[in-house]
Amino acid sequence: MKNIIQVAGIIDREEANLMLESGIKWLGFPLRLPSGKDDISETDAMSIIKGLSEPQAGVLISYMVDAEEVSGYCSELGVKAVQLHGDISVAEMKKLRELRPDLFLLKSLVVKEDNAEELLEIVDTMADFVDMFITDTFNPKTGAKGATGLTHNWDVSAELVRRSPKPLMMAGGLTPENVADAIYKVKPAAVDSHTGLEGSDGRKDAAKVKKFIREAEKAFSEINA
Ligand SMILES: O=C(O)c1ccccc1N[C@@H]1O[C@H](COP(=O)(O)O)[C@@H](O)[C@H]1O
């Protein structure tokens with residue numbers, strides 16, 4: 001699993017089609033967020049996910065921490081991948097792996113000012129049960145852990161990549177302007193962006209998406225040469 005480009009926060013079919021036509025294959029759907037303010041209805045998300053075929057993938061972005069709940073919801077939605085953004089325990093992650101060997105499991109590593117050791121510990125204890133890790137950036141002002149549009153200390157991401165026996169998707173404030181530098185510095189297996197691809201109307205901007213893909217692909221081909 002290398003050189004994947006994911007776009008998160010798909011809000012409707014038009015936006016999903018724009019991603020697919022641009023060449024994005026992994027679409028992230030944050031659903032049942034603690035805020036209660038999802039950007040897309042479950043019905044609309046399900047209908048988009050149903051129309052995807054490999055190598056396209058719908059990814060549930062979730063704060064659920066109960067293995068059976070995650071498994072059941074993924075079946076309901078028809079997703080083959082889930083990004084676990086909450087504080088799921090090692091025991092529940094192991095249980096989820098055993099329950100659903102078919103599900104692609106991403107575990108988030110939310111980078112704060114001072115939690116590198118804690119994240120390295122998550123890598124060590126969960127690597128056997130996940131398929132990929134994904135970084136993100138904490139916003140200390142709001143307490144938000146995802147889609148903050150903020151970058152973090154890339155030395156921490158690079159250390160997580162070196163430590164992890166599983167591939168890592170880099171996310172957190174990535175834009176068409178910084179994604180290539182992020183790939184050169186961190187050497188992730190994949191990248192992901194949400195707010196950095198939006199225009200002033202809050203929808204994904206076609207030109208930004210195209211530039212993001214171009215820059216990411218160029219950088220991936222250079223680090224893999
Ligand atoms: O995408 C979201 O809305 C979301 C909500 C809650 C948790 C995680 C979420 N998404 C992840 O956040 C990263 C980074 O976002 P940004 O590029 O900094 O805006 C995004 O790629 C999703 O993986």
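**View 1. The loop at Pro55.** Pro55 sits in the loop between helix H2 (42–50) and strand E3 (57–62). The peptide bond from Glu54 to Pro55 is cis, with omega near 10 degrees. Most residues other than glycine have a negative phi, and most peptide bonds are trans. Helices (H or I, at least four residues) and strands (E, at least two) are DSSP runs, numbered from the N terminus. The model shown in every view is predicted: local features need pLDDT of at least 70, side-chain atom pairs count only at pLDDT 80 or more, and totals for chains, interfaces and linings use all residues. Residue numbers start from 1 along each chain as its sequence is written.

**View 2. Two residues with positive phi.** Ala147 is not a glycine, yet has a positive phi of about 50 degrees. Ala147 belongs to the loop between E6 and helix H6 (154–163). Ala147 counts as buried because it has 25 C-beta neighbours inside 10 Å. Lys187 also has a positive phi, near 55 degrees, in a residue other than glycine. Lys187 is placed in the loop between helix H7 (179–186) and E8. Its 17 C-beta neighbours inside 10 Å make Lys187 partly exposed. The cut-offs are these: a residue is buried if 20 or more other C-beta atoms lie within 10 Å of its own, exposed if 12 or fewer, and partly exposed in between, with C-beta atoms placed from the backbone.

**View 3. The closed barrel.** The barrel is closed and has 8 strands, in the order E1-E2-E3-E4-E5-E6-E7-E8, with parallel pairing. From one strand to the next, the twist averages 25 degrees. Two strands pair if DSSP finds at least two bridges between them.

**View 4. Strand E8 and its two partners.** Strand E1 (residues 4–8) and E8 run parallel and are joined by 4 bridges. Here Ile4 stands opposite Ala190 in E8. Strand E7 (residues 168–170) also runs parallel to E8, joined by 2 bridges. Met170 has Val191 as its bridge partner in E8. In a regular strand the side chains alternate between the two faces of the sheet. In strand E8 (residues 190–193), Ala190 and Asp192 point one way, while Val191 and Ser193 point the other way. All of these E8 residues are buried.

View 5. E6 is mostly covered, with 6 of its 6 residues buried. Met132, Ile134 and Asp136 point one way from E6, and Phe133, Thr135 and Thr137 point the other way. E5 and E6 pair in the parallel sense over 6 bridges. Ser108 has Ile134 as its bridge partner in E6. Strand E6 (residues 132–137) pairs with E7 over 2 bridges, again in the parallel sense. Phe133 has Leu168 as its bridge partner in E7.

**View 6. The surroundings of Val111.** Val111 is in strand E5 (residues 104–111). It has 23 C-beta neighbours inside 10 Å, so Val111 counts as buried. Leaving out residues up to four places away in sequence, Val111 touches Leu119, Thr135, Thr137, Phe138, His152, Asn153, Val156, Ser157 and Gly172. Contact between two residues requires their C-beta atoms, placed from the backbone, to lie within 7 Å. Glu15 is 96 residues from Val111 in sequence and 28 Å away in space, C-alpha to C-alpha.

**View 7. Helix H3 against helix H4.** Two packed helices are described by the angle between their axes and the distance between the axes. The axes of helix H3 (residues 67–77) and helix H4 (residues 90–99) come within 8 Å and cross at roughly 40 degrees. H3 and H4 are therefore oblique to each other. Angles under 35 degrees count as roughly parallel, over 145 as roughly antiparallel, 65 to 115 as roughly perpendicular and the rest as oblique. Axes are lines fitted to C-alpha atoms, for helices over the stretch in contact, and angles run from 0 to 180 degrees between N-to-C directions. Ala67, Val70 and Ser71 of H3 make the contact with Glu92, Lys95, Leu96 and Leu99 of H4.

**View 8. Helix H6 against helix H7.** The axes of H6 and H7 come within 9 Å and cross at roughly 50 degrees. That makes H6 oblique to H7. In H6, Trp154, Ser157, Ala158 and Val161 meet Ala182, Lys185 and Val186 of H7.
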